[in-house]
Amino acid sequence: MALLPDRTEPLFLTRLEHNEHKFIERCDGDTDGVVINLRFDSPPKHGRLKRAAIEKRLPFLVDIETWRLPFLTGPEDEEFLGDIETPIGNATPLPLRPESLKDSAVLAGLVRAAAQVQVGALYTFAPYFLVASLDDPWLEINLLALAEMRRIAPRQPLAAWLYVDFEAMSKGLVPHLAERYRRELPLGSVIVLTVSDIRAGERTPEEIATYLRAIDSLRVSGLHVIADRASEISVAAIAGGAAGCMLGNRIYRTAPASPIWDNPFNPAIKLRYFDGEGVRKVDRETAKARGKRGKLGCRHAPQDCGAINADKRHNILVRLHASHEMRDALRRAERLGGVGLQRLWGEASLKQLREFAQALALAEARSQEA
Ligand SMILES: [Zn+2]
């Protein structure tokens with residue numbers, strides 16, 4: 001077996017939500033870094049999350065979420081005030097159409113705003129928009145924005161963000177995009193892959209295998225892939241060739257295909273205990289009972305984690321626990337690789353793990369065919 005390469009990129013980045021400076025303040029080696037959504041950290045909060053990360057010397061990324069801008073009706077759109085109030089929102093003519101960004105002065109204004117808000121971050125992402133096909137006019141804009149970022153901010157570490165619609169991904173779009181992006185990016189660059197609505201338990205092994213192949217196509221193009229919001233599938237993604245992943249610290253967050261909230265359910269979903277070995281969330285009462293019997297606990301910091309007994313007032317512990325437990329699961333996936341995980345999960349009692357093993361086997365078979 002080949003030795004692991006020296007790790008220079010973070011393996012696990014925790015995506016923060018609104019007002020989570022407390023997470024950063026309490027963080028003590030629980031995660032490799034955090035992802036800050038620009039709209040969560042713009043007025044009226046004025047960069048509190050970013051300041052906390054800098055003070056703590058915690059590596060961070062800024063998710064500029066420019067893919068949301070085409071959904072805004074105009075500068076008065078009350079649904080999207082958070083997006084409009086960012087420096088990027090200010091630099092964008094609304095409503096935004098791909099044609100508006102073909103004007104090089106408009107594109108340069110947007111790219112410059114994006115560069116400025118990412119100063120100090122691990123990577124600098126060019127503005128990015130959701131891509132649904134090879135003929136999607138936003139694809140061309142994404143590539144133009146990358147070239148422009150390279151020109152405007154040559155000293156910032158350029159990275160690409162690829163946001164793909166699930167249907168398009170499942171029809172095999174990403175390997176074609178890999179070729180296009182490879183031409184715009186220096187070898188070894190970081191690329192974040194977001195696929196909308198990819199969530200364990202809702203996707204078949206075939207669909208997960210297609211997702212793993214998508215990651216592999218970017219990897220063989222010489223890019224470091226960070227899998228974004230792929231729920232527990234992220235663990236399989238690391239074994240399948242991703243260099244890292246980023247996930248909400250409530251673990252189950254997925255990426256939507258549209259920023260317009262049309263879900264009748266309350267977005268505040270109950271926090272559960274994350275079990276890295278089973279790669280699943282466990283109801284907190286169940287986790288507590290299993291913990292007492294010595295069947296479940298924290299391997300990362302057994303003495304001082306405390307998450308298993310945390311009540312609602314200490315939800316922050318459950319979130320920190322989710323981060324370091326997830327990272328442990330990812331480290332194991334990296335160590336074992338696809339073949340090792342198939343062996344470990346092939347006969348597992350949890351259906352989800354058997355399905356991940358199946359997906360890894362399918363992806364590998366398809367990779368050999370290609
Ligand atoms: Zn823990």
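1. Start with α9 and helix α13 (residues 351-369): their axes come within 8 Å and cross at roughly 50°. This is a predicted model. Angles under 35 degrees count as roughly parallel and 65 to 115 as roughly perpendicular, and α9 and α13 are therefore oblique to each other. Their crossing is right-handed.

2. Now the residues behind that crossing. On the α9 side are P205, E206, I208, A209, L212, R213 and D216. They meet E355, Q358, A359, L360, L362, A363, R366 and S367 of α13. Sorted by class, this contact of α9 with α13 holds eight nonpolar, two polar and five charged residues.

3. α9 has another neighbour. Helix α8 (residues 173-184) and helix α9 (residues 205-220) have axes that come within 8 Å and cross at roughly 15°. Angles under 35 degrees count as roughly parallel, and α8 and α9 are therefore roughly parallel to each other. The crossing of α8 past α9 is right-handed.

4. Which residues of α8 and α9 meet? From α8 come V174, P175 and A178. From α9 come A214, S217 and L218. The contact of α8 with α9 has five nonpolar residues, one polar and no charged.

5. α13 also packs on α12. The angle between α12 and α13 is about 145°, and their axes lie 8 Å apart. Here α12 passes α13 in a left-handed crossing. G338, L341, Q342 and W345 are the α12 residues in this contact. Their partners in α13 are L353, R354, F356, A357, L360, A361 and E364. Seven of the residues in the contact of α12 with α13 are nonpolar, two are polar and two are charged.

6. Eight strands form an open sheet with parallel pairing. Read across, the order is β3-β2-β1-β8-β7-β6-β5-β4. Which strands are the edge strands? They are β3 (60-63) and β4 (124-125), and each pairs on one side only.

7. Strand β2 (residues 33-37) runs parallel to β3, and four bridges join them.

8. Helix α12 (residues 315-345) lies across β1 (12-15) and β8 (244-248). Its direction is at about 150° to β1. β1 and β8 stand next to each other in the sheet order.

9. Two backbone details deserve a check. Most residues other than glycine have a negative phi, and most peptide bonds are trans. The peptide bond from L94 to P95 is cis, with omega near -5°. P95 sits in the loop between α4 (87-90) and α5 (104-117). R229 is not a glycine, yet its phi is positive, at about 40°. The loop that holds R229 runs between β7 (224-228) and α10 (233-239).

10. Last, the chain as a whole. It has 13 helices and ten strands. Its C-alpha atoms fill a box of roughly 65 × 50 × 40 Å along the principal axes. For 370 residues, a compact globule would have a radius of gyration near 21 Å. The chain has 20 Å, which agrees.

Notes. Residues are numbered from 1 along each chain as its sequence is written. This is a predicted model: local features need pLDDT of at least 70, side-chain atom pairs count only at pLDDT 80 or more; totals for chains, interfaces and linings use all residues. Axes are lines fitted to C-alpha atoms, for helices over the stretch in contact, and angles run from 0 to 180 degrees between N-to-C directions. Helices (H or I, at least four residues) and strands (E, at least two) are DSSP runs, numbered from the N terminus. Angles under 35 degrees count as roughly parallel, over 145 as roughly antiparallel, 65 to 115 as roughly perpendicular and the rest as oblique. A crossing is left-handed if the near helix is turned anticlockwise from the far one by less than a right angle, and right-handed if clockwise. Two residues are in contact if their C-beta atoms, placed from the backbone, lie within 7 Å. Ala, Val, Leu, Ile, Met, Phe, Trp, Tyr, Cys and Pro count as nonpolar, Asp, Glu, Lys and Arg as charged, and the others, Gly among them, as polar. Two strands pair if DSSP finds at least two bridges between them. The radius of gyration is taken over C-alpha atoms; the globule rule is 2.2 Å times the number of residues to the power 0.38.
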